[in-house]
Amino acid sequence: MAEFFVLGAGMVGISTALALQAKGHDVVVLDRTSPGLETSYGNAGIIQTEAAEPYALPRDIGTLFKYGVGLSNDVVWSLGATLKMAPALWRYLKLSADKPYQRISASYSQLAARATADHQPLIEASNSEHLIRREGLVMLYRDQQSFDEAATRAQRLDREYGVTSRTLSGEDYRKEEPALLKTPTGAVHWLQSWSCSDPGALTQAYGKLFQSRGGRIIQCDGAQVTQAAHGWQANTAEGLLTAEQIVVALGPWAPAFLQRFGYFIPMVYKRGYHGHYDAPMALTRPFLDVENGVLASSMTKGIRVTTGAALVKMDAKANPVQLERGTKALSDMLALGQKVQEPQWFGTRPCMPDMLPVVGQAPRHPTMWFHFGHGHQGFTQGPTTAELLLDVMAGEQNDLLSSLSPDDRF
Ligand SMILES: Cc1cc2nc3c(=O)[nH]c(=O)nc-3n(C[C@H](O)[C@H](O)[C@H](O)COP(=O)(O)OP(=O)(O)OC[C@H]3O[C@@H](n4cnc5c(N)ncnc54)[C@H](O)[C@@H]3O)c2cc1C
């Protein structure tokens, strides 16, 4: 009997397995496919130290109206999915108000602040330095007012959380980024963020590291996992296995799995798309074209363009309208070249209404642990919240751990 099953082999599950293993536990990772093939594969690959504050739901009528009538490329929505998510969205809206948002950011900023330091030993041990760039992340603005607001916010983030940045005129940033075809209004360069040229490969490298240290990764669907008299059993591709405890790290699939155990987890499912482009010139560093809601980053397959949020059902067919609109709008700024022909990827950001990942013991199952709901920043936070989960397991108590605990959250 193993000590732990970790269900889910994305960045969050693999990081959990490594953290448990480092404490001497015998761990089996279960996944219906292989490590790093889902959300942790197709994201923008930024290790987001600048994300000291989570994405709030805008509360001003103007922005909500723009979302509602499809005037913004940041968000698209379908009626059926939005109605289904309405209770979670309502809570998300309420918690985006200034006061709760400040409280939430006080926890969130602590995750962002240590993210690179928590990735670094894993990057080193998994020989993944070649996948990492430490050039920061740029937000490019085309509009003077939003640039001015961003510059003010950047100063505030430095003051409040120590997130450092440079604010540059469009002319000055263009000198640093030869790939730009025209001069933006301005740029905020977040200095401490890192980027990864292949997020799936990094997750897989962490998975190989776990295996090289004696861990097992075995194919198994969550439907085959059941509670047994003394722990958990799984009917896997390699036969029946048992473990004393289980960590649920299924990202956007966690609520579906947990329903069977009587947990109804409110989640906001924010789908995003990516496309790769055979661009003539690589980027100095990734940038977000803020007004067009797309991020461009040089990756192993070309420039990867990733989109904002589509509020659609998990099983909705691909409809990459934001990718098409975003790349069209981006093309005056960047020569993208031919689109790489590949099946259309999409993935879902598993967002909790209170914007914080869920890290802790299942309220009614003492041998089950929750580790999911990392929303926009799970690639960043996986190793950090894995360490925090270990702290919870060790009986530590503090304000940060309480804010991430599943207790009283659903
Ligand atoms: C377009 C886009 C861009 C993003 N950019 C960034 C970024 O730049 N930086 C950042 O930090 N984050 C980013 N994110 C968010 C980040 O990708 C996610 O928060 C993170 O990948 C979640 O990791 P996870 O391990 O929880 O989930 P996943 O990576 O999805 O892993 C879940 C695992 O569970 C497995 N699974 C699912 N169902 C079952 C089942 N029934 N049985 C067994 N196994 C199952 C899957 O196969 C998968 O391996 C982005 C997301 C999107 C969509």
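**Notes on the predicted model**

1. In helix 9, the residues P199, G200, L202, T203, A205, Y206, G207, L209 and F210 are buried, where buried means under 20% relative accessible area, exposed over 50%, and partly exposed in between (1.4 Å probe, protein chains only). Helices (H or I, at least four residues) and strands (E, at least two) are DSSP runs, numbered from the N terminus.

2. This is a predicted model, in which local features need pLDDT of at least 70 and side-chain atom pairs count only at pLDDT 80 or more, while totals for chains, interfaces and linings use all residues. Residues are numbered from 1 along each chain as its sequence is written, and side-chain values use heavy atoms, with hydrogens and water left out.

3. Helix 9 comprises 14 residues, 199-212, and spans 20 Å from its first C-alpha to its last, close to the 20 Å expected at 1.5 Å a residue (1.5 Å times one less than the number of residues). Just after helix 9, G214 adopts a positive phi of about 100°.

4. The loop between helix 3 (61-69) and strand 4 (75-77) holds L71, which is exposed at a relative accessible area of 60%. N73 is found in the loop between helix 3 and strand 4, but N73 counts as buried, at 9% relative accessibility. The side chain of N73 makes a polar contact with the side chain of R325 at 3.1 Å (N or O atoms within 3.5 Å, one able to donate a hydrogen and the other to accept it; residues adjacent in sequence count only if both atoms are side-chain atoms).

5. Zero disulfides are found in a search of the whole structure, a disulfide being a pair of cysteine sulfur atoms within 2.5 Å. C220 is buried, with a relative accessible area of 5%, and C351 is buried at 5% relative accessibility.
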